[in-house]
Amino acid sequence: MARLVMKFGGTSVANIERIRNVARHVKREVDAGFEVAVVVSAMSGKTNELVGWVKESNPLYDDREYDSVVASGEQVTSGLLAIVLQEMGIPARSWQGWQIPIETDEAHGSARIVKIDGARLNEGFARKEVAVIAGFQGVDPATGRIATLGRGGSDTSAVAIAAAIHADRCDIYTDVDGVYTSDPRIVHKARRLDKVAFEEMLEMASLGAKVLQVRSVEMAMVHGVKTFVRSSFDDPANPQPGTLICDEEDIVEQQVVTGIAFSKDEAQITLRKVADKPGVAAAIFMPLAEANVNVDMIIQVVSDDAATTDITFTVPAAEFERARAILEGARDKIGFTTLQSSGDVVKISAIGVGMRSHAGVAAAAFRALAEKSINIRAITTSEIKFSVLIDAAYTELAVRTLHSLYGLDKA
Ligand code: ADP
Ligand code: ASP
Ligand code: MG
């Protein structure tokens, strides 16, 4: 029998009426003959509220207890959807991560799924029962404690379950009807894409497009899970297919640039007057690497005196304080005079597999941004993307400028 995983995000289950609407989507697929596993998020805003309570209780909280608290949002929606399905005459039951079990590593707060045992879900399918699974959570088998998968982690729960039960498809239902050329909330001329290559989706998600959690895309790519992004607000009787995430070879019409992403989750650090001699870059970046601080863009400027240099780089905003403490601790070894920082920056990125075979793609962006008097603080490029760091105040202007530049605006 054909199998399907359907995942519904926070806005799709925000209240009981929306949960009823979700149930109608599920009913359609059950009536079509699918064995269905549903993965739900917490009601929108719930996880933020729970995280807020944890931090208010103690900013230096125990991350195992954090998981115990924040996993509760999904426990509620999984139970509610099972109740609504039963009321519609569809046999259903809820599953918490530990009941399946979805086993994770011990990295509480951003745990990775290590193994999913599909046996109990299969028994449920044999009973003709819809499985309603709480997303975002699993269990660390070493301790038996609940672990959560990082923000946006229900996407990863869904794709991982699809791989584990060999589902024919994984449908990620959200509040937009697919993946767009840029965030449709910011770029009103953004176009919906019928297909996006795994590699591009991975970059888009990593560079700020929160429509899918990065790990869910990795998982879909590695396990070849046929994954669609589609809207839960479509009429359940007449749904649209959404966007398919697929292999590059399956996309006929290839653009040079497929999408523009942005991330405000960046902080810039500049170390002034660092000695210009071998070993200094290692002295700066080794301790950061050892502390798992992700350094992204790096610029080293040659100074006039030939003896010292300035080094600028970015770290995730959430890791800024940790990075600063590490650098201050290594100050004698590195030998900088001042550490300057700015959190008021945004990283704007253009992504497209077509960049592999086209030159001058980034250069065109530099000129277009200059024409709008937008100053570029840092640049990085790789095979299928480039990113520029600019002042956050220019986010929308810059995103829209690049979106038009690469011919992505809808007519
Ligand atoms: P859910 O709660 O369903 O998981 P999310 O808020 O996590 O939903 O993701 C959907 C949101 O992602 C959309 O509302 C949209 O604003 C945002 N988004 C960012 N970039 C894109 C993009 N390129 N295409 C579609 N949506 C995007
Ligand atoms: N509820 C969790 C979050 O808000 C997981 C998810 O929605 O994917 O991050
Ligand atoms: Mg999400």
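This is a predicted model: local features need pLDDT of at least 70, side-chain atom pairs count only at pLDDT 80 or more; totals for chains, interfaces and linings use all residues.

## Ligand 2

An oxygen atom of ligand 2 sits 2.9 Å from a polar backbone atom of Gly-152; a polar contact here is a pair of N or O atoms within 3.5 Å, and within protein one must be able to donate a hydrogen and the other to accept it, with residues adjacent in sequence counting only if both atoms are side-chain atoms. The protein buries 86% of the 270 Å² that ligand 2 exposes when taken alone (accessible areas are Shrake-Rupley with a 1.4 Å probe, and for residues only the protein chains shown count as cover).

Residues are numbered from 1 along each chain as its sequence is written, chains are lettered from A and ligands numbered from 1 in the order in which they are written, and side-chain values use heavy atoms, with hydrogens and water left out.

## Ligand 1

Ligand 1 is surrounded by 17 residues, with Thr-174, Asp-175, Tyr-180, Asp-183 and Arg-185 the closest. Oxygen atoms of ligand 1 lie 2.6 Å from a polar side-chain atom of Thr-174, 2.8 Å from a side-chain N or O of Asp-175 and 2.6 Å from a side-chain N or O of Arg-185. On its own ligand 1 has 570 Å² of accessible area, and the protein covers 84% of that. Its shell splits into seven nonpolar, five polar and five charged residues.

## The six-stranded sheet

An open, antiparallel sheet runs in the order β14-β15-β13-β16-β18-β17. Strands (E, at least two residues) and helices (H or I, at least four) are DSSP runs numbered from the N terminus, and two strands pair if DSSP finds at least two bridges between them. β14 (298–302) and β17 (378–382) each have a single partner strand, so one side of each lacks a neighbour in the sheet. From one strand to the next, the twist averages 25 degrees.

Seven bridges tie β16 (338–351) to the antiparallel β18 (385–391), with Val-345 opposite Asp-391. Helix α12 (361–371) packs on the sheet and touches β17 and β18, at about 20 degrees to β18. Contact means heavy atoms within 4.5 Å; axes are lines fitted to C-alpha atoms, for helices over the stretch in contact, and angles run from 0 to 180 degrees between N-to-C directions. Helix α7 (198–206) lies across β13 (259–275), β16 and β18, at about 150 degrees to β16.

β14 and β15 make a hairpin with five residues between them, and Ala-306 in the turn has a positive phi of about 65 degrees. Lys-273, in strand β13, also has a positive phi, about 55 degrees, although it is not a glycine.

Where is the cis peptide bond? It joins Ile-100 and Pro-101, with omega about -10 degrees, and Pro-101 lies in the loop between β3 (92–95) and β4 (102–104).

How values were computed:
A residue is near a molecule or strand if one of its heavy atoms lies within 4 Å of it. Ala, Val, Leu, Ile, Met, Phe, Trp, Tyr, Cys and Pro count as nonpolar, Asp, Glu, Lys and Arg as charged, and the others, Gly among them, as polar.
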